[in-house]
Each structure stands twice: as C-alpha cells, then as structure tokens.
Amino acid sequence: MLDLQRLRALHAVSVHGTVGAAAAALGFTPSAVSQQIAKLERETRTVLLEREGRGVRLTDEAWQLADTAAELLALVERAETRLEERRGVPSGRLTIAAFASAARGLLPSVLADLAVRHPALDARLTEVDPHLSVDLVAKGAVDLVVAHDWDIAPLPAPAGVEQASIGEDLCDLLVPEGHRFAGRAAVRRDELGGQRWICQPPGRVCHDWLMRTLRGAGHEPDIVHQADENPTLVALVAAGLGVALIPRLGRGPLPAGVVEVPLDPMPVRRLYALWRTGAARRPAIAETVRTLRAHWPTIATRTGPPRQAAAPA
C-alpha cells in the first residue's frame, strides 16, 4: 500500500522542480521531503530521484508515479470538498499562493480576518511569481491563487481552473525630485522616450508590460537597473538613478526624494483569484474569495482612488 503523504511529496517535487521548493510549498523541511521520497523508493523498490549537478531530477518511473499521485490527490480533494460542503463551514487546510505585493499589501488582513471568523480553517500563504502560480493551482500544488495581469497582457486561465475578479490596482510613474516630470499633473506615454528605467528582471509581468508599452509608443527602453522587489526599485529612484513604473498595492509610503506622477492613460493591473473547478463548491474557497473581494475596497482606498472590478454574474 503506497503512502499518500509520500506520494504528495513526490508530486510536489515534480511540480516545483526542487526538493527545497517542494518543501516550502508543503510547509516541511527539505530533509523531511527527502526522507518521504526515500521511504517511497524503498516501498516501490524503484529509484525516483537522481543527482544532477547540485540538484535532482525525477526518473522516468518517478514521473509515471507522480502522474498517478496527481490523480489520487484529485480524488482526495473531491472527497474532502464533499465533506466540507456537507458541514457547510470553511475548514481544513487551504494553501494560497500570491504574488509579492499582494502577499504584502492584501493577504495579511484577509488571513487575519479568516482566522478570527473561521477557526477551523487552516489557511497558509506562499509567495509565488504570477507567471508560475496559475500552473501550480492547475496541477493541484496549491488550492487558491491570487494573481494579476495587465491591460495588454491578459491572464490565461487553463482548462479546469476558474477565476473571479478581485479589483484593479493603479500604477504610477515614480521620478526623483528635480526630474522634468516632477510636478506634472500627468505624463503621456509618448513622452517617455529617453528615460533611464529601473524595473524588474525579464520574464516578470511588470517588465514585459513596460517593454511592450514603450515599444508600442515608439521608444526602445533603456533599462539601467533591475531588482525583484518594489522597495528596492523605489530606493533606486530615491537615489536619483532613474525612473520606475510601480503599482500602488503593497508599495508603502514613498521616501523623501521620490515624486509620484500619474501616466495618461493610467496603467492598470487586474487582480484575480483562481482555483480548480473540482474545488469550486468547497466553502473554504468561496469564503476566501468573498473575503478577498470584501477587503479590496479598503486596500484600494489606502493606495489611491479605488477602482473595484465588477461583481461576477
């Protein structure tokens, strides 16, 4: 009889790519995940992981077993959903993945609210890049995702995944004091040529949006500094090293030396909650989505004029 928790560990490694990332997603230590897979190897008398450089790779037999594990975990999820639905109250473990500024600016208040009102619900947060999070929820690695897209780069929802709008996050141009745009009521996108830009690395949604937008306006972006975290980008602007386009959610108060200037038209990124269709009737999913939407107007008011997405039909 194969142990479900050991199969879950193998499935997590197949989805996340490394033992360390799988451990973080499961809430275990890397050593604990390695031990689970070692026991599974002994049970199946099969080599599942092989060393490859400083990491590991799954063998062909491991990939076959991971596919079977995904099917078994989907069956378990359906059984748990039916039980929770019969109880009628949010309960059990709910794993949530969110991009960095949502994890910082939105999820703390949402998770605290859920903990007070639904003590039987064990909600757990993991910070994940939005490019990766949709795939994670589709594969069953997490239960719920908070992701975003931009007006020129819609977020795809794969088959078997449902989504609901949470709200819209506005973005501003941040410039150093003394910059020629400082003090302007607004700046048009066709005026952005010739700037030294500070942004996230390639492959991130914000970086891709900036490149496509500036090129669409006839400008080739001059990216001089790159960093993952928005506070780092703001600090580089404060040092007078360039300009940046940064969303308001999770940004925090601007330091001295940084001026916020609206763009015309103002860039907008839309926030979504996504979950698997098979878990749609789970009370924990429905209540968490409702709580996310309920908290958004307050969060948006703190960060600027609120723009809330229309309620789903």
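Helix α3 has 15 residues and spans 21 Å from its first C-alpha to its last, close to the 21 Å expected at 1.5 Å a residue. Keep in mind as you look around that this is a predicted model.

Which residues of α3 are buried? They are Val-33, Ile-37 and Leu-40. Look down the axis of α3 and you will find its buried residues within an arc of 55 degrees, so they line one face of the helix. Just after α3 comes Arg-45, with a positive phi of about 55 degrees.

Now turn to helix α2, residues 19-26, where the buried residues are Val-19, Ala-22, Ala-23, Ala-25 and Leu-26. Seen down the axis of α2, these fall within an arc of 165 degrees, so they too line one face of their helix. The cover over the buried residues of α2 includes the helices α1 (4-16) and α3 (30-44), along with the strands β1 (49-52), β2 (55-58) and β3 (92-98). Gly-27 follows α2 and has a positive phi, near 80 degrees.

Finally, the cysteines. A disulfide is a covalent bond between the sulfur atoms of two cysteines.

| Cysteine | Relative accessibility | Class |
|---|---|---|
| Cys-171 | 0% | buried |
| Cys-206 | 15% | buried |

Note on methods. Residues numbered from 1 in each chain as written. Predicted model: local features only at pLDDT ≥ 70, side-chain atom pairs only at ≥ 80, totals over all residues. Heavy atoms only, no water. Buried < 20%, exposed > 50% of the residue type's maximum accessible area, 1.4 Å probe, protein only. Helix = DSSP H or I, 4+ residues; strand = E, 2+ residues; numbered from the N terminus. Arc of directions from axis to C-beta. Contact = heavy atoms within 4.5 Å. Expected span 1.5 Å × (residues − 1).
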